[in-house]
Amino acid sequence: MIANDLLKGTLRTIVLKLLADNGRMYGYEITKKVEELSTGKIKLTFGALYPVLHKLEADGHIKTETEYVGKRVRKYYTLTETGRSWTEQKVDEFFDFVNTLTYVLKPTPA
Amino acid sequence: MHAEIIDSQLVRIRNELSASGLTYEQLQDDILDHICCMVEEEMEFGNDFESSYRTIMTSIGETRLSGLQHETILLLDKKFQRMKRITYLVGLLGSLTAITGSFFKMFHWPGASIMLTLGFFIVVAIFLPAYFIMSYREQEEKPNIIFPIVGYLSLFLIFTGAVFKVMHWPGANIALKVSLVFILVGFLPLYIVQIFKRSSQTKINPAYIIMVLVGLSIVLILTRINLSKDAIDRYTEITLLYQESIELLDQKNADFLNEYGDSLGEQAMKIKQYTNELCAMADHMTEGLLVGIDQAGIPIEQAAGRDFRNAARDAFIDNGLGDKFKELSREYEKYLLQIVTDPLVKNQVELGLMYSSDRFIIGWMPQDYADEPLILSYMKIIGLKRQIVQVEEIVLASLLN
(Lines give C-alpha, C1' and ligand atoms only; values in the text may rest on other atoms or scores of the structure.)
Protein backbone atom coordinates (compact mmCIF):
# COMPACT_ATOMS: atom_id res chain seq x y z
CA MET A 1 0.00 0.00 0.00
CA ILE A 2 1.15 3.52 -0.74
CA ALA A 3 0.81 5.93 2.14
CA ASN A 4 -1.98 8.50 1.91
CA ASP A 5 0.16 11.54 2.50
CA LEU A 6 2.35 10.59 -0.46
CA LEU A 7 -0.71 10.29 -2.66
CA LYS A 8 -2.33 13.51 -1.53
CA GLY A 9 -0.75 15.89 -4.01
CA THR A 10 -0.81 13.49 -6.95
CA LEU A 11 -4.40 12.31 -6.75
CA ARG A 12 -5.56 15.09 -9.04
CA THR A 13 -2.94 14.21 -11.65
CA ILE A 14 -3.83 10.52 -11.48
CA VAL A 15 -7.52 11.25 -12.06
CA LEU A 16 -6.80 13.63 -14.96
CA LYS A 17 -4.43 11.20 -16.65
CA LEU A 18 -6.89 8.31 -16.38
CA LEU A 19 -9.59 10.43 -17.96
CA ALA A 20 -7.20 11.46 -20.72
CA ASP A 21 -6.38 7.83 -21.51
CA ASN A 22 -9.80 6.27 -21.09
CA GLY A 23 -12.21 8.95 -22.26
CA ARG A 24 -15.23 8.99 -20.04
CA MET A 25 -15.28 7.21 -16.71
CA TYR A 26 -17.49 7.08 -13.65
CA GLY A 27 -16.24 7.24 -10.07
CA TYR A 28 -16.22 3.60 -9.18
CA GLU A 29 -14.56 2.78 -12.49
CA ILE A 30 -11.75 5.21 -11.66
CA THR A 31 -11.02 3.57 -8.31
CA LYS A 32 -11.06 0.13 -9.96
CA LYS A 33 -8.75 1.26 -12.72
CA VAL A 34 -6.29 2.80 -10.28
CA GLU A 35 -6.29 -0.40 -8.23
CA GLU A 36 -5.72 -2.48 -11.36
CA LEU A 37 -2.93 -0.30 -12.76
CA SER A 38 -1.15 -0.13 -9.42
CA THR A 39 -1.62 -3.88 -8.87
CA GLY A 40 -3.60 -3.12 -5.76
CA LYS A 41 -1.06 -0.78 -4.21
CA ILE A 42 -3.22 2.31 -4.52
CA LYS A 43 -6.72 2.08 -3.14
CA LEU A 44 -8.64 5.30 -3.65
CA THR A 45 -11.37 5.81 -1.11
CA PHE A 46 -14.37 7.72 -2.37
CA GLY A 47 -13.76 10.13 0.50
CA ALA A 48 -10.62 11.21 -1.31
CA LEU A 49 -11.89 10.89 -4.87
CA TYR A 50 -15.14 12.84 -5.01
CA PRO A 51 -14.00 16.13 -3.48
CA VAL A 52 -11.27 16.16 -6.15
CA LEU A 53 -13.68 15.34 -8.98
CA HIS A 54 -16.14 18.02 -7.89
CA LYS A 55 -13.41 20.60 -7.53
CA LEU A 56 -12.05 19.78 -11.01
CA GLU A 57 -15.55 20.10 -12.41
CA ALA A 58 -16.12 23.43 -10.69
CA ASP A 59 -12.82 24.69 -12.08
CA GLY A 60 -13.87 23.67 -15.60
CA HIS A 61 -11.29 20.97 -16.21
CA ILE A 62 -13.79 18.14 -16.47
CA LYS A 63 -17.46 17.87 -17.29
CA THR A 64 -20.13 15.31 -16.49
CA GLU A 65 -22.68 13.37 -18.49
CA THR A 66 -25.48 11.69 -16.66
CA GLU A 67 -26.80 8.26 -17.61
CA TYR A 68 -29.39 6.08 -16.00
CA VAL A 69 -28.57 2.52 -14.98
CA GLY A 70 -32.03 1.31 -14.13
CA LYS A 71 -33.19 4.01 -11.74
CA ARG A 72 -29.68 4.79 -10.70
CA VAL A 73 -27.97 7.96 -11.81
CA ARG A 74 -24.45 7.36 -13.07
CA LYS A 75 -22.21 10.33 -13.74
CA TYR A 76 -19.52 9.96 -16.34
CA TYR A 77 -16.61 12.34 -16.14
CA THR A 78 -14.71 13.55 -19.24
CA LEU A 79 -11.97 16.09 -19.79
CA THR A 80 -12.86 19.45 -21.27
CA GLU A 81 -10.59 21.12 -23.81
CA THR A 82 -8.86 23.21 -21.18
CA GLY A 83 -8.67 20.14 -18.97
CA ARG A 84 -6.84 18.24 -21.69
CA SER A 85 -3.99 20.69 -22.04
CA TRP A 86 -3.89 21.18 -18.29
CA THR A 87 -3.53 17.43 -17.88
CA GLU A 88 -0.53 17.31 -20.19
CA GLN A 89 1.06 20.07 -18.20
CA LYS A 90 0.33 18.38 -14.88
CA VAL A 91 1.66 15.01 -16.06
CA ASP A 92 4.84 16.65 -17.36
CA GLU A 93 5.26 18.43 -14.06
CA PHE A 94 4.81 15.18 -12.24
CA PHE A 95 7.43 13.29 -14.28
CA ASP A 96 9.78 16.18 -13.83
CA PHE A 97 9.17 15.91 -10.09
CA VAL A 98 9.69 12.13 -10.05
CA ASN A 99 12.90 12.44 -12.05
CA THR A 100 14.19 15.10 -9.71
CA LEU A 101 13.30 12.99 -6.70
CA THR A 102 14.98 9.95 -8.19
CA TYR A 103 18.04 12.02 -8.77
CA VAL A 104 17.98 13.44 -5.23
CA LEU A 105 17.17 10.19 -3.47
CA LYS A 106 19.20 7.71 -5.52
CA PRO A 107 21.83 5.87 -3.54
CA THR A 108 25.27 7.41 -3.90
CA PRO A 109 27.66 5.10 -5.72
CA ALA A 110 30.25 3.65 -3.40
CA MET B 1 -25.65 -14.54 -12.95
CA HIS B 2 -24.99 -10.79 -12.74
CA ALA B 3 -26.08 -9.49 -9.34
CA GLU B 4 -28.09 -6.31 -9.45
CA ILE B 5 -29.63 -4.05 -6.86
CA ILE B 6 -33.38 -3.76 -7.18
CA ASP B 7 -35.23 -0.47 -6.97
CA SER B 8 -36.50 -0.82 -3.42
CA GLN B 9 -32.98 -1.47 -2.20
CA LEU B 10 -31.79 1.59 -4.10
CA VAL B 11 -34.40 3.76 -2.43
CA ARG B 12 -33.37 2.39 0.93
CA ILE B 13 -29.68 3.16 0.40
CA ARG B 14 -30.55 6.67 -0.75
CA ASN B 15 -32.66 7.26 2.34
CA GLU B 16 -29.92 6.03 4.60
CA LEU B 17 -27.39 8.28 2.91
CA SER B 18 -29.71 11.27 3.41
CA ALA B 19 -30.25 10.28 7.03
CA SER B 20 -26.51 10.20 7.68
CA GLY B 21 -26.23 13.78 6.48
CA LEU B 22 -25.27 13.31 2.84
CA THR B 23 -27.88 15.54 1.27
CA TYR B 24 -26.01 17.44 -1.44
CA GLU B 25 -27.58 15.94 -4.53
CA GLN B 26 -24.60 16.13 -6.89
CA LEU B 27 -22.47 14.23 -4.42
CA GLN B 28 -25.23 11.91 -3.28
CA ASP B 29 -25.70 10.58 -6.82
CA ASP B 30 -22.00 9.84 -7.08
CA ILE B 31 -21.78 8.11 -3.75
CA LEU B 32 -25.00 6.16 -4.28
CA ASP B 33 -23.73 4.74 -7.56
CA HIS B 34 -20.36 4.05 -6.01
CA ILE B 35 -21.81 2.16 -3.06
CA CYS B 36 -24.16 0.21 -5.34
CA CYS B 37 -21.20 -0.88 -7.49
CA MET B 38 -19.32 -1.98 -4.38
CA VAL B 39 -22.32 -3.90 -3.05
CA GLU B 40 -22.92 -5.56 -6.40
CA GLU B 41 -19.34 -6.64 -6.53
CA GLU B 42 -19.67 -8.12 -3.08
CA MET B 43 -22.86 -9.92 -4.19
CA GLU B 44 -20.96 -11.50 -7.08
CA PHE B 45 -19.32 -13.73 -4.47
CA GLY B 46 -22.74 -15.22 -3.73
CA ASN B 47 -23.64 -13.13 -0.69
CA ASP B 48 -27.15 -11.74 -0.37
CA PHE B 49 -27.84 -8.01 -0.53
CA GLU B 50 -28.31 -7.53 3.19
CA SER B 51 -24.96 -8.96 4.30
CA SER B 52 -23.10 -7.39 1.36
CA TYR B 53 -24.56 -3.96 2.11
CA ARG B 54 -23.64 -4.25 5.79
CA THR B 55 -20.08 -5.26 4.93
CA ILE B 56 -19.62 -2.29 2.63
CA MET B 57 -21.20 0.25 4.99
CA THR B 58 -19.05 -0.94 7.90
CA SER B 59 -15.94 -0.60 5.79
CA ILE B 60 -16.91 2.97 4.88
CA GLY B 61 -17.93 4.14 8.32
CA GLU B 62 -21.07 6.26 8.32
CA THR B 63 -19.68 9.24 10.14
CA ARG B 64 -17.41 10.15 7.27
CA LEU B 65 -20.24 10.77 4.83
CA SER B 66 -21.38 14.10 6.24
CA GLY B 67 -17.75 15.11 6.65
CA LEU B 68 -17.14 14.30 3.00
CA GLN B 69 -20.04 16.50 1.98
CA HIS B 70 -18.82 19.32 4.20
CA GLU B 71 -15.34 19.09 2.71
CA THR B 72 -16.65 19.06 -0.86
CA ILE B 73 -18.98 22.00 -0.35
CA LEU B 74 -16.26 24.12 1.26
CA LEU B 75 -13.90 23.20 -1.56
CA LEU B 76 -16.47 24.37 -4.10
CA ASP B 77 -17.41 27.46 -2.11
CA LYS B 78 -15.45 30.09 -4.03
CA LYS B 79 -16.35 32.77 -1.53
CA PHE B 80 -15.02 30.68 1.34
CA GLN B 81 -11.80 29.86 -0.48
CA ARG B 82 -11.32 33.50 -1.36
CA MET B 83 -12.01 34.54 2.22
CA LYS B 84 -9.41 32.03 3.37
CA ARG B 85 -6.78 33.48 1.06
CA ILE B 86 -7.62 37.07 1.98
CA THR B 87 -7.57 36.25 5.68
CA TYR B 88 -4.08 34.82 5.52
CA LEU B 89 -2.96 37.75 3.41
CA VAL B 90 -4.36 40.25 5.92
CA GLY B 91 -2.75 38.31 8.77
CA LEU B 92 0.58 38.45 7.01
CA LEU B 93 0.17 42.16 6.35
CA GLY B 94 -0.75 42.88 9.97
CA SER B 95 2.12 40.92 11.44
CA LEU B 96 4.60 42.47 8.99
CA THR B 97 3.42 45.96 9.98
CA ALA B 98 3.79 45.05 13.65
CA ILE B 99 7.26 43.63 13.12
CA THR B 100 8.37 46.70 11.14
CA GLY B 101 6.93 48.82 13.96
CA SER B 102 8.89 47.00 16.64
CA PHE B 103 12.01 47.29 14.50
CA PHE B 104 11.46 51.06 14.23
CA LYS B 105 10.84 51.18 17.96
CA MET B 106 14.20 49.56 18.62
CA PHE B 107 15.95 52.32 16.71
CA HIS B 108 13.67 55.06 18.02
CA TRP B 109 12.60 56.04 14.51
CA PRO B 110 9.40 58.02 14.02
CA GLY B 111 6.16 56.21 13.26
CA ALA B 112 7.09 53.14 15.29
CA SER B 113 4.18 53.35 17.70
CA ILE B 114 1.63 53.95 14.97
CA MET B 115 2.84 50.94 12.98
CA LEU B 116 3.00 48.72 16.02
CA THR B 117 -0.50 49.63 17.10
CA LEU B 118 -1.91 49.41 13.59
CA GLY B 119 -0.28 46.02 12.97
CA PHE B 120 -1.63 44.53 16.16
CA PHE B 121 -5.01 46.11 15.47
CA ILE B 122 -5.17 44.39 12.08
CA VAL B 123 -4.22 41.07 13.62
CA VAL B 124 -6.57 41.35 16.58
CA ALA B 125 -9.58 42.97 14.89
CA ILE B 126 -9.49 41.39 11.42
CA PHE B 127 -7.21 38.38 11.09
CA LEU B 128 -8.01 36.55 14.32
CA PRO B 129 -11.84 36.83 14.12
CA ALA B 130 -11.78 35.75 10.47
CA TYR B 131 -9.45 32.87 11.28
CA PHE B 132 -11.63 31.59 14.08
CA ILE B 133 -14.79 31.93 12.00
CA MET B 134 -13.12 29.90 9.26
CA SER B 135 -11.89 27.19 11.55
CA TYR B 136 -15.37 27.08 13.05
CA ARG B 137 -16.92 26.58 9.62
CA GLU B 138 -14.39 23.92 8.73
CA GLN B 139 -15.36 21.77 11.71
CA GLU B 140 -17.34 18.87 10.35
CA GLU B 141 -20.00 17.85 12.78
CA LYS B 142 -21.39 19.35 15.95
CA PRO B 143 -19.25 22.45 15.64
CA ASN B 144 -18.09 23.73 18.98
CA ILE B 145 -18.70 27.46 19.27
CA ILE B 146 -17.20 27.93 22.75
CA PHE B 147 -13.77 26.81 21.64
CA PRO B 148 -13.12 29.49 19.00
CA ILE B 149 -14.60 32.17 21.27
CA VAL B 150 -12.36 31.30 24.21
CA GLY B 151 -9.41 30.99 21.86
CA TYR B 152 -10.10 34.39 20.32
CA LEU B 153 -10.58 36.12 23.68
CA SER B 154 -7.32 34.68 25.02
CA LEU B 155 -5.32 35.88 22.04
CA PHE B 156 -7.18 39.21 21.98
CA LEU B 157 -6.22 39.87 25.60
CA ILE B 158 -2.61 38.78 25.15
CA PHE B 159 -2.03 40.94 22.08
CA THR B 160 -3.92 43.94 23.46
CA GLY B 161 -2.08 43.61 26.76
CA ALA B 162 1.25 43.42 24.96
CA VAL B 163 0.57 46.55 22.89
CA PHE B 164 -0.73 48.45 25.92
CA LYS B 165 2.37 47.42 27.82
CA VAL B 166 4.69 48.64 25.09
CA MET B 167 2.73 51.88 24.69
CA HIS B 168 2.59 52.36 28.49
CA TRP B 169 -1.18 52.59 28.41
CA PRO B 170 -3.06 51.70 31.57
CA GLY B 171 -4.71 48.29 31.95
CA ALA B 172 -1.95 46.24 30.30
CA ASN B 173 -1.19 44.09 33.31
CA ILE B 174 -4.85 43.37 33.98
CA ALA B 175 -5.40 42.27 30.37
CA LEU B 176 -2.36 40.00 30.52
CA LYS B 177 -3.38 38.45 33.83
CA VAL B 178 -6.93 37.80 32.62
CA SER B 179 -5.58 36.24 29.43
CA LEU B 180 -3.49 33.89 31.55
CA VAL B 181 -6.64 32.79 33.36
CA PHE B 182 -8.44 32.35 30.00
CA ILE B 183 -5.69 30.11 28.68
CA LEU B 184 -5.15 28.02 31.79
CA VAL B 185 -8.77 27.67 32.89
CA GLY B 186 -10.55 27.93 29.54
CA PHE B 187 -8.58 27.15 26.45
CA LEU B 188 -6.30 24.33 27.58
CA PRO B 189 -8.94 22.22 29.40
CA LEU B 190 -11.36 22.67 26.48
CA TYR B 191 -8.72 21.64 24.00
CA ILE B 192 -7.64 18.59 26.00
CA VAL B 193 -11.27 17.50 26.45
CA GLN B 194 -11.81 17.89 22.72
CA ILE B 195 -8.79 15.74 21.90
CA PHE B 196 -9.93 12.96 24.22
CA LYS B 197 -13.59 13.13 23.18
CA ARG B 198 -12.94 12.52 19.54
CA SER B 199 -9.45 11.20 19.47
CA SER B 200 -10.14 9.19 16.34
CA GLN B 201 -11.45 12.02 14.18
CA THR B 202 -9.86 15.25 15.31
CA LYS B 203 -6.43 15.83 14.00
CA ILE B 204 -4.46 17.64 16.67
CA ASN B 205 -3.87 21.07 15.26
CA PRO B 206 -0.29 21.97 16.06
CA ALA B 207 -1.02 25.63 15.28
CA TYR B 208 -3.22 25.87 18.37
CA ILE B 209 -0.60 24.39 20.64
CA ILE B 210 2.09 26.67 19.24
CA MET B 211 -0.14 29.72 19.68
CA VAL B 212 -0.90 28.74 23.28
CA LEU B 213 2.75 28.26 24.14
CA VAL B 214 3.83 31.50 22.49
CA GLY B 215 0.97 33.32 24.23
CA LEU B 216 1.96 31.92 27.61
CA SER B 217 5.55 32.93 27.15
CA ILE B 218 4.56 36.46 26.12
CA VAL B 219 2.40 36.82 29.20
CA LEU B 220 5.09 35.48 31.48
CA ILE B 221 7.77 37.71 30.01
CA LEU B 222 5.64 40.85 30.16
CA THR B 223 4.22 40.40 33.64
CA ARG B 224 7.15 38.90 35.46
CA ILE B 225 10.67 39.65 34.35
CA ASN B 226 10.76 43.15 32.99
CA LEU B 227 14.50 43.45 33.41
CA SER B 228 17.20 41.40 31.84
CA LYS B 229 19.72 39.67 34.04
CA ASP B 230 22.24 42.19 32.80
CA ALA B 231 20.14 45.18 33.88
CA ILE B 232 19.48 43.64 37.29
CA ASP B 233 23.21 43.15 37.77
CA ARG B 234 23.92 46.78 36.97
CA TYR B 235 21.23 48.09 39.32
CA THR B 236 22.56 45.81 42.02
CA GLU B 237 26.05 47.18 41.45
CA ILE B 238 24.79 50.75 41.92
CA THR B 239 22.89 49.72 45.04
CA LEU B 240 26.00 48.17 46.55
CA LEU B 241 28.00 51.35 45.86
CA TYR B 242 25.29 53.39 47.60
CA GLN B 243 25.45 51.05 50.57
CA GLU B 244 29.20 51.37 50.80
CA SER B 245 28.91 55.14 50.58
CA ILE B 246 26.33 55.15 53.40
CA GLU B 247 28.59 53.07 55.66
CA LEU B 248 31.58 55.37 55.09
CA LEU B 249 29.54 58.53 55.63
CA ASP B 250 27.89 57.08 58.75
CA GLN B 251 31.30 56.35 60.20
CA LYS B 252 32.60 59.79 59.33
CA ASN B 253 29.55 61.52 60.82
CA ALA B 254 29.76 59.47 64.03
CA ASP B 255 33.44 60.29 64.41
CA PHE B 256 32.72 63.95 63.75
CA LEU B 257 29.99 64.12 66.38
CA ASN B 258 32.20 62.34 68.94
CA GLU B 259 34.82 64.93 68.47
CA TYR B 260 32.84 68.16 68.04
CA GLY B 261 29.34 67.20 69.12
CA ASP B 262 29.52 68.95 72.45
CA SER B 263 30.82 72.19 71.05
CA LEU B 264 28.19 72.32 68.30
CA GLY B 265 25.37 71.89 70.79
CA GLU B 266 21.71 71.75 70.04
CA GLN B 267 21.89 72.11 66.25
CA ALA B 268 24.07 69.02 65.85
CA MET B 269 21.77 67.05 68.15
CA LYS B 270 18.75 68.03 66.11
CA ILE B 271 20.44 67.10 62.83
CA LYS B 272 21.45 63.74 64.26
CA GLN B 273 17.88 63.18 65.45
CA TYR B 274 16.38 63.95 62.03
CA THR B 275 18.96 61.83 60.23
CA ASN B 276 18.48 58.87 62.54
CA GLU B 277 14.73 58.98 62.12
CA LEU B 278 14.88 59.32 58.32
CA CYS B 279 17.43 56.54 58.00
CA ALA B 280 15.33 54.29 60.19
CA MET B 281 12.37 54.92 57.88
CA ALA B 282 14.45 54.17 54.79
CA ASP B 283 15.69 50.94 56.38
CA HIS B 284 12.15 50.05 57.24
CA MET B 285 11.12 50.49 53.60
CA THR B 286 13.97 48.41 52.17
CA GLU B 287 13.41 45.68 54.74
CA GLY B 288 9.73 45.78 53.86
CA LEU B 289 10.59 45.09 50.23
CA LEU B 290 12.54 41.99 51.21
CA VAL B 291 9.81 40.86 53.58
CA GLY B 292 7.44 41.10 50.61
CA ILE B 293 9.39 38.40 48.81
CA ASP B 294 10.01 36.37 51.98
CA GLN B 295 13.70 37.16 51.88
CA ALA B 296 13.91 39.29 55.03
CA GLY B 297 17.47 39.99 56.12
CA ILE B 298 19.32 38.64 53.12
CA PRO B 299 21.73 40.83 51.13
CA ILE B 300 20.17 42.61 48.15
CA GLU B 301 22.52 40.96 45.65
CA GLN B 302 20.87 37.65 46.45
CA ALA B 303 17.33 38.97 46.29
CA ALA B 304 17.58 41.32 43.31
CA GLY B 305 16.54 38.79 40.67
CA ARG B 306 13.44 37.71 42.58
CA ASP B 307 10.52 39.77 41.61
CA PHE B 308 7.29 40.51 43.31
CA ARG B 309 5.44 43.50 42.01
CA ASN B 310 3.34 44.09 45.08
CA ALA B 311 6.40 44.33 47.32
CA ALA B 312 6.55 48.14 46.95
CA ARG B 313 2.84 48.52 47.65
CA ASP B 314 3.14 46.53 50.87
CA ALA B 315 6.44 48.07 51.94
CA PHE B 316 5.86 51.81 51.52
CA ILE B 317 2.92 52.77 49.31
CA ASP B 318 -0.25 51.40 50.88
CA ASN B 319 0.90 52.00 54.48
CA GLY B 320 1.85 55.61 53.69
CA LEU B 321 5.45 55.14 54.85
CA GLY B 322 6.84 56.61 51.65
CA ASP B 323 4.70 59.74 52.04
CA LYS B 324 5.63 60.10 55.72
CA PHE B 325 9.29 59.79 54.78
CA LYS B 326 8.85 62.59 52.26
CA GLU B 327 7.03 64.78 54.75
CA LEU B 328 9.73 64.42 57.37
CA SER B 329 12.41 65.06 54.74
CA ARG B 330 10.65 68.28 53.79
CA GLU B 331 10.57 69.38 57.44
CA TYR B 332 14.26 68.51 57.76
CA GLU B 333 15.09 70.50 54.62
CA LYS B 334 13.25 73.53 55.94
CA TYR B 335 15.13 73.31 59.24
CA LEU B 336 18.53 72.97 57.56
CA LEU B 337 17.88 75.92 55.24
CA GLN B 338 17.21 78.02 58.34
CA ILE B 339 20.49 77.16 60.08
CA VAL B 340 22.97 77.17 57.19
CA THR B 341 24.24 80.38 55.68
CA ASP B 342 26.87 79.34 53.14
CA PRO B 343 25.19 79.48 49.67
CA LEU B 344 27.10 76.39 48.46
CA VAL B 345 25.94 74.34 51.45
CA LYS B 346 22.41 75.68 51.00
CA ASN B 347 22.52 74.60 47.38
CA GLN B 348 23.74 71.13 48.31
CA VAL B 349 20.99 70.76 50.91
CA GLU B 350 18.40 71.75 48.36
CA LEU B 351 19.73 69.34 45.77
CA GLY B 352 20.19 66.50 48.25
CA LEU B 353 16.70 66.71 49.70
CA MET B 354 14.94 67.78 46.50
CA TYR B 355 13.14 64.41 46.38
CA SER B 356 10.87 65.60 49.19
CA SER B 357 9.16 68.04 46.83
CA ASP B 358 5.65 67.26 45.64
CA ARG B 359 6.34 68.72 42.23
CA PHE B 360 6.35 66.52 39.16
CA ILE B 361 9.76 65.18 38.09
CA ILE B 362 11.51 67.03 40.95
CA GLY B 363 9.89 65.06 43.75
CA TRP B 364 9.97 61.32 44.39
CA MET B 365 6.53 59.73 43.89
CA PRO B 366 6.28 56.50 45.90
CA GLN B 367 3.17 55.31 44.04
CA ASP B 368 5.12 55.34 40.75
CA TYR B 369 6.94 52.28 42.05
CA ALA B 370 3.78 50.18 42.40
CA ASP B 371 4.50 48.15 39.27
CA GLU B 372 8.24 48.47 39.09
CA PRO B 373 10.61 45.56 39.62
CA LEU B 374 11.82 45.16 43.17
CA ILE B 375 15.42 46.14 42.53
CA LEU B 376 14.39 49.56 41.17
CA SER B 377 12.44 50.42 44.34
CA TYR B 378 15.26 49.14 46.49
CA MET B 379 17.93 51.10 44.63
CA LYS B 380 15.85 54.29 44.75
CA ILE B 381 15.38 54.18 48.52
CA ILE B 382 19.00 53.30 49.27
CA GLY B 383 19.96 56.21 47.02
CA LEU B 384 17.72 58.59 49.00
CA LYS B 385 19.20 57.34 52.26
CA ARG B 386 22.66 58.05 50.91
CA GLN B 387 21.60 61.61 50.06
CA ILE B 388 20.41 62.10 53.63
CA VAL B 389 23.70 61.08 55.24
CA GLN B 390 25.67 63.02 52.69
CA VAL B 391 23.70 66.19 53.43
CA GLU B 392 24.34 65.50 57.12
CA GLU B 393 28.07 65.29 56.48
CA ILE B 394 28.16 68.54 54.50
CA VAL B 395 26.05 70.50 56.96
CA LEU B 396 27.95 69.26 60.03
CA ALA B 397 31.25 70.27 58.46
CA SER B 398 29.86 73.73 57.64
CA LEU B 399 28.67 74.24 61.22
CA LEU B 400 32.23 73.92 62.48
CA ASN B 401 33.38 76.98 60.58
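Guide: In chain A, three strands make up an open sheet, ordered E1-E3-E2, with antiparallel pairing; strands are DSSP runs of at least two residues (E), helices are runs of at least four (H or I), and both are numbered from the N terminus. Two strands count as paired if DSSP finds at least two bridges between them. The model is predicted: local features need pLDDT of at least 70, side-chain atom pairs count only at pLDDT 80 or more, and totals for chains, interfaces and linings use all residues. Residues are numbered from 1 along each chain as its sequence is written, while chains are lettered from A and ligands numbered from 1 in the order in which they are written.

Strand E1 (25-26) and strand E2 (62-69) of chain A are the edge strands; each has a single partner strand, so one side of each has no neighbour in the sheet. E1(A) and E3(A) run antiparallel and are joined by two bridges. A:Tyr26 has A:Tyr76 of E3(A) as its bridge partner. Helix H2 (residues 25-44) of chain B packs on this sheet, where it touches E1 and E3 of chain A (contact means C-beta atoms, placed from the backbone, within 7 Å). The direction of this helix makes about 105° with that of E3(A), angles running from 0 to 180 degrees between N-to-C directions, with axes fitted to C-alpha atoms, for helices over the stretch in contact.

The contact between the chains takes 16 residues from chain A and 18 residues from chain B. On the side of chain A, helix H3 (27-37), helix H4 (46-58) and strand E3 (72-79) each give two or more residues. H4(A) gives the most, with seven residues.

Conventions
Two residues are in contact if their C-beta atoms, placed from the backbone, lie within 7 Å.
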